[in-house]
Amino acid sequence: LQGSGKTTTAAKLALTLKDAGRKPMLAAADLQRPGAVEQLQTLGEQIGVPVHSERTTPVEVCKNAVAQAKKTLCDIVILD
């Protein structure tokens, strides 16, 4: 499935939700593909959506992203 546009689609979804008045957060949980985290961070910066990333495990990234979203009042977390 590499190269099928999942990360870009996650960012597009986040932008659509942001434009609809929601407060999304992206979680960079694709730790297998080289450059995936950096790609999501770049896209997040471009669209003005926060990105949670860390170098642990995908499960920990997702759990911690949800916790961070609650602290920062983000109402949607998109797990990439």
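Analyst: Happy to. Let's start with a charged pair: the side chains of Arg 33 and Asp 30 meet in a salt bridge, with N and O 3.6 Å apart. Keep in mind that this is a predicted model.

User: What's the general idea behind a pair like that?

Analyst: Side chains of opposite charge can pair when their charged atoms come close. Here the cut-off is a side-chain nitrogen of Lys or Arg within 4 Å of a carboxyl oxygen of Asp or Glu, and the Arg 33 and Asp 30 pair has its N and O at 3.6 Å.

User: How many salt bridges does a search of the whole structure find?

Analyst: Three. Another one joins Glu 38 to Arg 55, where the closest N and O atoms are 3.1 Å apart. This pair links distant parts of the chain, since Glu 38 sits in helix α2 and Arg 55 in the loop between β2 and α3, 17 residues apart. Glu 38 counts as partly exposed at 38% relative accessibility, while Arg 55 counts as exposed at 59%.

User: And which residue forms a salt bridge with Asp 75?

Analyst: That's Arg 22, with the closest N and O atoms 2.7 Å apart. Arg 22 is in the loop between α1 (6–19) and β1, and Asp 75 is in the loop between α3 (58–71) and β3, so the pair ties together parts 53 residues apart in sequence. Arg 22 is partly exposed, at 39% relative accessibility; Asp 75 is partly exposed too, with a relative accessible area of 40%.

User: Let's go back to Arg 33. Which side chain makes a polar contact with the side chain of Arg 33?

Analyst: The side chain of Thr 7 does, at 3.2 Å. Thr 7 belongs to helix α1.

User: Is Thr 7 buried or exposed?

Analyst: To call a residue buried, you want under 20% relative accessible area. Thr 7 has 5%, so Thr 7 is buried. Leaving out residues up to four places away in sequence, Thr 7 touches Arg 33, Gln 39, Leu 40, Leu 43 and Asp 80.

User: Now the sheet. In what order do the strands come?

Analyst: When you read a sheet, look for the strand order and the direction of pairing. In this model three strands make an open sheet, ordered β2-β1-β3, with parallel pairing. β2 and β3 are the edge strands, each pairing on one side only.

User: How many bridges does β1 have with strand β3?

Analyst: Four: β1 and strand β3 (residues 76–79) pair in the parallel sense over them.

User: What joins β1 to strand β2?

Analyst: Two bridges, with β1 and strand β2 (residues 51–52) running parallel. There, Leu 26 stands opposite Val 51 in β2. To get from β1 to β2 the chain passes through helix α2 (residues 36–47), and this β-α-β crossover is right-handed.

User: One last thing: which residues cover the two faces of strand β1?

Analyst: Check the side chains on each side in turn. In strand β1 (residues 24–27), Pro 24 and Leu 26 are on one side, Met 25 and Ala 27 on the other. All of these are buried, and both faces of the strand are covered.

Notes: Residues numbered from 1 in each chain as written. Predicted model: local features only at pLDDT ≥ 70, side-chain atom pairs only at ≥ 80, totals over all residues. Heavy atoms only, no water. Buried < 20%, exposed > 50% of the residue type's maximum accessible area, 1.4 Å probe, protein only. Pairing = 2+ DSSP bridges. Right-handed = clockwise from strand over helix to strand, strands pointing away. Polar contact = N/O pair within 3.5 Å; in protein donor to acceptor, adjacent residues only side chain to side chain. Contact = heavy atoms within 4.5 Å.
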